[in-house]
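Biologist: I am new to this structure. Could you show me how to read it, one feature after another?

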Amino acid sequence: MKHLLRAGSALVLSLLFLFGCMGIAASAETDNQTTAIAMVKEQLQAEKEKALASTKALWFKEMLSRTEVTDVAAGEPDKKGAIPVTVTVTYPTLHTGLDAKSKYDGKDAEAFVQAALETAKATATYEIKATVSFPEGKDAALKWDTKAGFPSYKTALTAKAKAANTSFGVKAMVSAMADFVLQHPSRGAKLKFSSPNEVTLTATAPNFESMLYAAMDSTVPRIAYEAQGPNTEMDAMYALMDEQIAAYSVKYAKAKKLKSDKAVSLAFDPWKLAENAESSPEVNAYRQAYQSEYDTFKLALIYRGMQLPDLPALEMPETKRLEGGKSGTKVVIKATKGDGNCMVRFLKDGEVKALGFIRDGERLTVYLRGGEYTMQLGSGSIWYGNEELFGPEPIGIYSYDQVRITSKEGYYHTFTFSTVQSDDKNAMDSLDRDALL
């Protein structure tokens with residue numbers, strides 16, 4: 001995207017540098033091919049300067065100033081010795097509807113158009129073809145292929161730009177503007193042109209509360225497995241969470257379907273944003289709300305980190321029985337798909353009679369003699385072994401139930417579990433924020 005930020009003068013220098021490099025690469029070509037390439041380059045530069053000087057459409061002038069000739073290639077001569085030349089032009093895409101806006105309040109429009117181009121992610125390429133003939137006893141002659149839009153450089157690019165912008169160009173430019181405003185990848189962003197002065201940029205951005213929850217939940221195991229657990233420095237914890245926030249932000253933006261609790265739709269005036277994004281009340285409200293939630297989740301992350309056991313985190317077991325025998329009544333435990341890994345432990349008079357680990361969406365069979373048991377279900381993202389299980393709450397989440405196992409031939413029990421969810425935000429209310437920060 002950096003190459004879209006170049007000023008017009010820098011672009012001309014880059015083109016000259018490019019042309020110079022191409023001249024070196026042409027040493028293996030015939031003299032006529034070298035001459036043909038040189039003629040095309042000279043004419044291209046003249047056409048570009050002419051188009052920049054003559055066009056009044058702000059959007060096209062800004063786009064044209066960022067246009068780059070990325071290749072000029074000469075083919076083999078035909079039977080008459082004429083050399084075919086193909087030029088590849090690359091340019092940023094931009095909605096042609098902005099042409100109407102440019103006829104109104106000039107400075108505002110210019111700021112928006114420039115901002116839109118500078119943040120545009122999409123580019124389009126266009127090939128221009130020409131033929132250079134070498135008649136005997138006469139100067140070489142350059143002829144542009146009129147089907148490609150020449151001899152007008154402006155006409156050629158305008159025609160191609162309109163075609164490209166009706167497809168991916170509009171979406172890319174608008175999404176880039178929304179990303180710039182929201183500081184998170186947007187989804188479903190679009191521009192609505194009611195009139196030249198009534199344009200709305202609507203962006204569907206990640207619901208940051210949902211995004212931060214997901215980021216924090218995935219950061220805690222990284223602290224346990226990749227860092228020093230409860231001994232990890234706070235700044236290191238924050239850095240890990242920021243990585244996860246960035247990852248989930250992109251994940252939410254790319255998701256084909258997103259539940260309403262994971263997205264929020266915001267509308268902006270793009271012209272005002274172009275003047276000063278910081279002055280937009282919508283932008284400020286979104287950023288302030290995000291910062292407030294981010295600070296809260298930083299505290300929740302520290303709270304979680306402080307609760308991690310000072311023990312090595314172990315690899316998650318496969319679905320299997322970890323303790324207990326193979327005699328007695330058959331007990332089948334099913335883990336609900338999508339709820340994550342879980343463990344189940346059956347205790348009688350404080351003694352473990354069976355312990356099993358069940359991977360997400362799988363099932364496990366244990367065997368118990370008839371009688372009353374305390375059934376403990378646990379879930380979490382870090383495993384510390386048969387004694388510490390998923391770690392203390394809130395690192396691991398546990399629930400307990402009293403169950404009766406029937407000892408009868410041909411009889412078996414089935415339990416289906418959904419994992420218990422924690423509420424870290426409520427737990428944060430009792431923490432000393434100043435002390436933690």
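Modeller: This is a predicted model. Start with a pair of helices, H8 and H10. Helix H8 spans residues 234-254 and helix H10 spans residues 281-307.

Biologist: At what angle do H8 and H10 pack, and how far apart are their axes?

Modeller: The angle is about 125°, and the axes are 10 Å apart. Angles from 65 to 115 degrees count as roughly perpendicular, and those over 145 as roughly antiparallel. H8 and H10 are therefore oblique to each other. The crossing of H8 past H10 is right-handed.

Biologist: Which residues of H8 and H10 meet?

Modeller: From H8 come Met234, Met237, Tyr238, Met241, Asp242 and Ile245. In H10 they meet Tyr290, Tyr294, Phe297, Lys298, Leu301, Ile302 and Gly305. Sorted by class, this contact of H8 with H10 holds ten nonpolar, one polar and two charged residues.

Biologist: Now H7 and H10. Are they roughly parallel or oblique to each other?

Modeller: Read the angle again. H7 and H10 pack at about 25°, with axes 10 Å apart. Angles under 35 degrees count as roughly parallel. H7 and H10 are therefore roughly parallel to each other. Their crossing is right-handed.

Biologist: Which residues of H7 and H10 meet?

Modeller: The H7 side includes Phe208, Leu212, Met216, Val220 and Ile223. The H10 side includes Tyr286, Tyr290, Phe297, Leu301 and Arg304. In this contact of H7 with H10, 14 residues are nonpolar, one is polar and four are charged.

Biologist: That leaves H7 and H8. What is their angle?

Modeller: H7 and H8 pack at about 135°, with their axes 8 Å apart. This pair is therefore oblique. The crossing of H7 and H8 is right-handed. H7 contributes Met211, Ala215, Thr219 and Ile223, among others. H8 contributes residues including Met237, Met241, Gln244, Ile245 and Ser249. The contact of H7 with H8 divides into twelve nonpolar, five polar and three charged residues.

Biologist: Why does Thr219 count as buried?

Modeller: Look at the relative accessible area. Buried means under 20%. Thr219, in helix H7, has 0%, so Thr219 is buried. Setting aside neighbours within four places in sequence, Thr219 is in contact with Met237, Leu240, Met241, Gln244 and Leu301.

Biologist: And Ser249, buried or exposed?

Modeller: Ser249 belongs to helix H8. Its relative accessibility is 2%, so Ser249 counts as buried. Beyond neighbours within four places in sequence, the contacts of Ser249 are His184, Pro185, Pro206 and Met211.

Biologist: Next, the nonpolar core. How many residues does the largest one have?

Modeller: The largest nonpolar core has 36 residues. Ile245, Leu301 and Leu308 have the most contacts inside this core. Helix H6 (153-182), strand E6 (198-206), helix H7 (208-226), H8, strand E7 (263-268) and H10 each supply at least two of its residues. H7 gives the most, with nine residues.

Biologist: What is Leu308 in contact with?

Modeller: Leave aside neighbours within four places in sequence. Leu308 is then in contact with Val220, Ile223, Ala224, Gly229, Pro230, Ile382, Tyr384 and Ile395. A second, separate core has 18 residues, including Ala335, Val344, Ile405 and Phe417.

Biologist: Which peptide bond is cis?

Modeller: The bond joining Glu393 and Pro394 is cis, with omega about 10°. Pro394 lies in the loop between strand E13 (371-379) and strand E14 (397-405). At 14% relative accessibility, Pro394 counts as buried. Pro394 and Tyr303 are 91 residues apart along the chain, and their C-alpha atoms are separated by 9.2 Å.

Biologist: What is the phi of Leu389?

Modeller: Leu389 is not a glycine, yet its phi is positive, about 55°. Leu389 is also in the loop between E13 and E14. With 2% relative accessibility, Leu389 counts as buried.

Biologist: And Asp349, buried or exposed?

Modeller: Asp349 has 82% relative accessibility, so Asp349 counts as exposed. Asp349 sits in the loop between strand E10 (342-348) and strand E11 (351-358). Its phi is positive, near 55°.

How values were computed
Residues numbered from 1 in each chain as written. Predicted model: local features only at pLDDT ≥ 70, side-chain atom pairs only at ≥ 80, totals over all residues. Heavy atoms only, no water. Axes fitted to C-alpha atoms, helices over the stretch in contact; angles between N-to-C directions. Helix = DSSP H or I, 4+ residues; strand = E, 2+ residues; numbered from the N terminus. Left-handed = near helix turned anticlockwise from the far one by under 90°. Contact = heavy atoms within 4.5 Å. Nonpolar A, V, L, I, M, F, W, Y, C, P; charged D, E, K, R; others polar. Core = buried A, V, L, I, M, F, W, Y, C linked by side-chain atoms within 4.5 Å. Buried < 20%, exposed > 50% of the residue type's maximum accessible area, 1.4 Å probe, protein only.
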